[in-house]
Each structure stands twice: as C-alpha cells, then as structure tokens.
Amino acid sequence: MNGRGTARACRPPRGRGLTALLATALALGLIACSSSPEPPDAGARVSASLDAGPAAPRVAATLEGLSGEVVVVRDGQRLTASLHDVHEKDVVETGDDGAATLRFPDGRAVELSANGRFEVGADTSGVVLSVEKGIVLSRVPKGPPAGAPKTDVALTILTPFGLTRVGASEVQVDVQADTARVDVNVGEVELVSRGGAPMKAEAGTRGALTATAAPRLIVLEPVQVVITEAQGQTFVKKGGAAWAKVAGKALPALAPGDSVRVTSGRLTLTPKGSDTRVVLESGSELTVGETRSDGDVDELVLPLKSGAATVTTGRKSKTRVSLGGGVRLVSDLGAQVTVTKTADGFDVAPLSGKVTLVKQGQAPREVKGGQRATVGGEGITVREPELEPLTLSLREGQRVFHPGAEPISLEWEGGGGKITVASDARHAKVVAEAEVTRGFFTVTAPAAGTLFWVVKRGAVEVGRGSATFGPEPRKKDLDRQRNVVPEGPEKTTIFFQDKAPSVSFSWKATPGAASASVAVYREGDFSRPLAERKVTASTMSLPEGTLGEGRYAWSVTPLDAKGAPVRGGRMNKLELVWDNAVSSLRIASPRNGDPLAPSVTVEGVAPVGSRLFVNGQPVSLDAKARFRSKAAPLAKGLVVFRLSQGTAESLTVRRLLPGR
C-alpha cells in the first residue's frame, strides 16, 4: 500500500497547540502547500525552506541501510545516496525499489519505504519528520549511543492529514492518497487531526487520519483460523471435549478456545483470507484465541503451550502474533520465524526478514534474520548467530538421521551471500530466504523430508547443497539374533555383526533326567566356566554380549531328581566369528536419552573402507572397522557421527539429556 499522495492547500487550523506546531512546520517547509493537484518541484521546495531557515543547517540524522534508488535533495540539488549525513530541511526520496533508514542522535531509527518523500526537521519538542507519501516505521531505541546525552525521545510525524506524536513507542505511518494509517506496535501515540482533535492510540491498535474527519480507530473484524494441512498424528480439542484425531481430508473448523496438538508429523494453521501460516511440529500444542484482521493487519492470538511453531507472515500485511505470557511478535513486511516454548518463555529465531518482540514491562527488541532471541524472566535477550552443533556443507545428497526437529547451520566458505532454502529441487517451494553477512545460515531441520539450498553473491552462484532428514532407520537387529547351538559332534559357527548375539544351547531330553547342568568354557581353559546354569528344560540361553568373538566348548550333564548325573557330560564346540558386512553405521553407545556427562563412550562398527568422525574429530577404526573411544558432547548434549563413504556422506545425531 504505497499510495501516492497529492499536495493540499494549507490553512491555519483551529486550536492553539496544533496551530503553533503546524505554524512551526510551515516555517520549516515541512508541509507542502499548493492549490495544484501535483506536488511542486522538489528543488524549489527545498530552496524556499532554506531561504526561511538558518544559513548553515546542522546534521539532523544519519542515512544508512540504503538499497535501491535513494536521493537526497538539498539546496535544490539532487545528491547521490552515498551521502550519509542528513541536514535539517533535507528531503529524502525513494524510488520503486528504494529503502533507507534514518538514524537520529538519540538512537531512534526510522525506516523509509519505497516510493516515498520525507523531509527532516525539528521544533522545540524534538524531531519533526514530514511524510508527503510512502510508509515510515519508527522503532524504539535501545537507549542513546555511548557519549550521547540521555534525552526523552520525541518525534512528530507530519502528514497532509494531521500528525502523530511518538514517544517511547514504535509506530508505522502509511500515507496514502486520501488517508494516513497509523499502526501502533509498542507503547502509546497521540493522533491529531488537521481540525485539532487529539486521540490516544495504544499498542495493538491502528488508527486513521483523514483531511475531513477526526482521528478514528480502525476496527479489526473476527477471522476464523482453519487447518490447511495435517500429517501424521495430529489432534484437535473442541472446547471441553476430548482430544480427537484429525483424520485425512476431514479438517475441522476451529473456534476460539479450541486446542491443537501434534504427536508426530506436522499441522498447518492459517487465518482465512490471509497468507500468514503457522506450522506446528512434533511435540507441539497451542490454543486458538480470537483472531482479527482488516485485510492490512492480522492480529493472531495463538498461545504456544509446548513444542515449536514456525510462523510465516504475509508480505502484504502487518502481522501481530500473541504467543502467551504477555509476549507478542510483530512483523511488518513478511518474515519467517521459529518459536520454541521454554520453561520460562520462548526462544525466537527468524529465518528470514525481521520481527519485533514485545513483552509486557520490557523494552521491545528487534530481531533480524539469523539472530536468535530469548524471552523469559530476565527480559528479552538478542544474540548474534552462531554455528549450530549440527552443520552441513555445500554438498548434495547428504543424509541426516536425528531424533527430532533440530536447528542446523548451512555453511560455506568466503563470507556472506544470499541463501535460498527450498523443499524441492527446483526451489519452487521456498522454506527460507535471507541475505547474510556471515558464511552460514541456520534453519530448522524437518523431522522427515529433504531440503535443497543454493548460495549466491550477486549473480554468481557460490554452490548448492541438499540433505534428506529422518529418524535413524531400524536395523534388522542382526545383533539380537537368537542363534540356536545344538548338541552334537559338529562345531557350530555363528557369524555376527555389531554386538555378539544371544546364544541358545539345545539338546535332546535324556530319559530319567529331571534337569540338566550346562557349562560353557573358553576353549583351552577348563579351570572355570564362563557361564554355568541348571535348567529343567532342554534349552539354555545366554543374553547377547555374554560371549564375545572367539572359540568355546560347552557341555550338558543330565541330572536325576536328586541332582545326580544320569550320564557324563559331552563336550561340544562353538565359535563366534565377527563378520563385518554392515552397509551402514551401527552405534552401540551412546543412546538417545543417555545421561549427559563431560565425556562419554562412543562405540560401534562402521562399514569397511569408510571414514568416521565424531563431533568433528576423526575416530580410529580397527581391522574389522570397529571403534571404541571417548568424546565430549557438543552444545545441547549432541553427539554427531559423520560417516564418509567415497563421495557419500551421512550424519547420525544422538542427544544426551542432563540430570538423568
């Protein structure tokens, strides 16, 4: 909504306060006054302002974050956008693809949209910004820069339809052909019409200024939230009813107070008529509150009770999402952000775009794509992006086996660039897209599925990567085979992989025998049995791992009811042989959910000819590709096994848990 405004005739309004303010603005040349339907020449306006103002205008702001066509008009001259200092009475113009940020000495940032015309000035109360057309977004400063005086932030945004007084608040003003719309994200602002009537507008509301009427609040109408996709084990709870499974294509309608839960799979929620969507992953639950919209603003109330949700906001509307606990997420021009419920708040990670986090009683914070934020009892903490323990390179065809949705870093050499992540090889279904300054980007790995990504610098492609994600495949349990060893003169040979299997010894029943004594010895050492059992059946089993690789002798002696031998024991031969024919990594230790410790044992077997790395460190394999070593877990209790077989690469993630 970048409507083009027209210059309007200006008459002194009634009302002392507003009259004085607008008179000052007129003297500074901040409001265009003309009987012509077209705005006067930009150079002429600035020259007229300079004639009425001081001979040497001071620096009022710094121009930064330039993109597209941006021009500064000063003293009738159109200057290149590389100029960073903006003086009082300068005019900033943005083209169809232009955007910039004005940074004022007190720390306040005002973002300027495309197709806009903005004039910078000041009066006795503070900064005055005249917006003839376009959109401005004023963000609350964290505080004055180092060395700057501590002053109250005061900003007046003048439009052809009235003004907005902005204090310690965040507000967006959109000047269109016949109205100025004001969206209050944080704090409270005052709207003053050209007729002089003031109105307060609080956070979460939007107002309108027109040339012929007093300010008014725009009412958002209720909108229904619908389920647009359900995969796996997903459930809905209607009011006080019991949980019911969401079945196939029969997607139920949702009402305020309903809850949804995902045990496994995913579920997508969308407000009707909106391009905003909320995707819940496995282990997540939220309650649907009252959602409202007017087509330009979506106000969603979706308290997240557990798990994680990925929120993708529309590019054509402002989106405000209440997450619960007095926490709101605000997006202006489209973003994709993952929100994870924690014990005392939320972890927030924008994958692309930027959002503002608002918590009752706390200063709001802007979080950009790649950054991560924590919202809790200590307030809002924003931290710069760091490489995740699970990192993938620009390599195609990777496989990742992991126990659940994991944040992963996609890494490349040579610094920043533009990365596009999609769920299809043609990149038609974009999952995330961002321009980053560092050589990595973090996304959330799907519980199951494939991601494709490409990195570019300008028009030059740096490289591509892809990976398929899922849980560890179930093995055929070769290590748990129950191998039967019959009594007899022939030696029994058992081939095994990974762990030594369980072994079942069997023999024919002897007449008159009530039980039997079974003893197993290592071949050549009959001084003490490795295992000895008295059983009443004609079989005896040893658990897996009791007997390792090697040669053994075993005997069975039948016993009568009094325990006396019916006959002598017969020696039988047994050999357990390691047969390394595994085609994939077999990990015996650690297991998912094992206790977190400073150092853990990593043990298992890899395919012959492969290379193995644990947490980035090479691990030695013996002649039969077995390994046993120690490793320090990574952050979040992860142990990452990376297996290389020729050009193929796979990663297996085991997660350890503290306090267990």
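# Salt bridges and strands

Colleague: Why are E549 and K624 called a salt bridge?

Modeller: The closest N and O atoms of E549 and K624 are 2.5 Å apart. The cut-off is 4 Å between a Lys or Arg side-chain nitrogen and an Asp or Glu carboxyl oxygen. The 2.5 Å value falls within 4 Å, so the pair counts. Keep in mind that this is a predicted model.

Colleague: What makes this pair a tie between parts apart in sequence?

Modeller: Look at the two loops. E549 lies in the loop between β49 (539-542) and β50 (550-559). K624 lies in the loop between β55 (617-618) and β56 (626-631). The two parts are 75 residues apart in sequence, so the pair ties them together.

Colleague: Is E549 buried, partly exposed or exposed, and how do you know?

Modeller: E549 has 33% relative accessibility. Buried means under 20%, and exposed means over 50%. The value lies in between, so E549 is partly exposed. K624, at 29%, is partly exposed by the cut-offs too.

Colleague: How do you know that R654 and E472 form a salt bridge?

Modeller: Their closest N and O atoms are 2.6 Å apart. That is within the 4 Å limit, so the name applies. The pair links distant parts of the chain, 182 residues apart. R654 sits in strand β58 (residues 648-655), and E472 in the loop between β43 (460-470) and β44 (482-486).

Colleague: Which class does R654 fall in, and which does E472?

Modeller: R654 is at 8%, which is under 20%, so R654 counts as buried. E472 is at 23%, between 20% and 50%, so E472 counts as partly exposed.

Colleague: What about E290 and R292: what makes them a salt bridge?

Modeller: Their side chains meet at 2.6 Å, N to O. Again, that is within 4 Å, so the pair qualifies. E290 has a relative accessible area of 40%, and R292 is at 29%. Both values lie between 20% and 50%, so E290 and R292 are partly exposed.

Colleague: How many salt bridges are in the whole structure?

Modeller: A search finds 26. R78, E93, R117 and E132 are linked in a network of them.

Colleague: What makes β27 mostly covered?

Modeller: Strand β27 covers residues 308-312, and five of its five residues are buried. A308, T310 and T312 point one way. A309 and V311 point the other way.

Colleague: How do you know that β27 pairs with β22 and β30?

Modeller: Pairing takes at least two bridges. Strand β22 (residues 277-280) has four with β27, so they pair, in the antiparallel sense. Strand β30 (residues 336-341) has five with β27, so they pair as well, also antiparallel. V311 stands opposite V278 in the β22 pairing. V311 also stands opposite V337 in β30.

Colleague: Why are β18 and β33 called edges?

Modeller: Seven strands form an open sheet, in the order β18-β24-β25-β28-β29-β32-β33, with mixed pairing. β18 (221-223) and β33 (365-368) each have a single partner strand, so one side of each is left without a neighbour in the sheet. The twist averages 25 degrees from one strand to the next.

Colleague: What makes β29 and β32 a pair?

Modeller: Strand β29 (residues 327-331) and strand β32 (residues 354-359) share four bridges, in the antiparallel sense. The cut-off is at least two, so they pair. V330 stands opposite T356 in β32.

Notes: Residues are numbered from 1 along each chain as its sequence is written. This is a predicted model: local features need pLDDT of at least 70, side-chain atom pairs count only at pLDDT 80 or more; totals for chains, interfaces and linings use all residues. Side-chain values use heavy atoms; hydrogens and water are left out. Buried means under 20% relative accessible area, exposed over 50%, partly exposed in between (1.4 Å probe, protein chains only). Axes are lines fitted to C-alpha atoms, for helices over the stretch in contact, and angles run from 0 to 180 degrees between N-to-C directions.
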